[in-house]
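Please read this report alongside the sequence and the structure.

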Amino acid sequence: MRFVVFFLIFFVFIGCGSEKKEPSKANVVKVSLKIEGMVCSSCEKSIESKLAKLDGVQLVEVSQESGEAEVEFDASKVSEERLIAEIDAIGYKACAKTTQR
Ligand SMILES: [Cu+2]
């Protein structure tokens, strides 16, 4: 019985701890990527859905017209390199636009 109480207290503490940990915006960054190889709007969609599935990615906007993608992600979970690698993996050529100047 004492054991059960101990565990209950333990879980209450864990509960409080995770409550304090608000989803921090500090790690969220927004990058623009240049993407080559998109020829129609379904290309946009396939890149969007591919990136949106990644853990940490919060917002994806792909434009075939401008050949660019805007991605908002949690930098502690996923990196720009990872995004580029994922886009490359499905047959497009992506590169970082923001760090290219
Ligand atoms: Cu297409």
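In this predicted model, 4 strands form an open sheet with antiparallel pairing, in the order β2-β3-β1-β4. Edge positions go to β2 (57-63) and β4 (93-96); each has a single partner strand, so one side of each lacks a neighbour in the sheet. On average, neighbouring strands of this sheet are turned by 25° against each other, direction ignored. Strands pair if DSSP finds at least two bridges between them. Helices (H or I, at least four residues) and strands (E, at least two) are DSSP runs, numbered from the N terminus.

Residues are numbered from 1 along each chain as its sequence is written. Because the model is predicted, local features need pLDDT of at least 70, side-chain atom pairs count only at pLDDT 80 or more, and totals for chains, interfaces and linings use all residues.

**Strand pairs**

| Pair | Sense | Bridges |
|---|---|---|
| β2 and β3 (residues 68-74) | antiparallel | 6 bridges |
| β1 and β3 | antiparallel | 7 bridges |
| β1 and β4 | antiparallel | 4 bridges |

Leu59 has Glu72 in β3 as its bridge partner. For Lys34, the partner is Cys95 in β4.

**Helices**

The protein chain holds 3 helices and 4 strands. From the N terminus on, its elements run α-β-α-β-β-α-β. Helix α2 (residues 41-52) lies across β1 (28-36), β2 and β3, at about 170° to β2. Helix α3 (residues 80-89) lies across β1, β3 and β4, and runs at about 165° to β4. Axes here are lines fitted to C-alpha atoms, for helices over the stretch in contact; angles run from 0 to 180 degrees between N-to-C directions. Two residues are in contact if their C-beta atoms, placed from the backbone, lie within 7 Å.

**Confidence and packing**

How far can the model be trusted? pLDDT is the predictor's confidence in each residue, from 0 to 100. Its mean over the protein chain is 85, and 72% of the residues reach 70 or more. Confidence is lowest in helix α1 (residues 2-20), at a mean of 58, and highest in β2, at 98. Where pLDDT is low, the predicted coordinates should not be read in detail.

Of the 101 residues in the protein chain, 16% are buried (20 or more other C-beta atoms within 10 Å of the residue's own, with C-beta atoms placed from the backbone). Among contacts with a separation of 6 or more, 59% join residues 24 or more positions apart.

Methods:
Buried ≥ 20, exposed ≤ 12 C-beta atoms within 10 Å, placed from the backbone.
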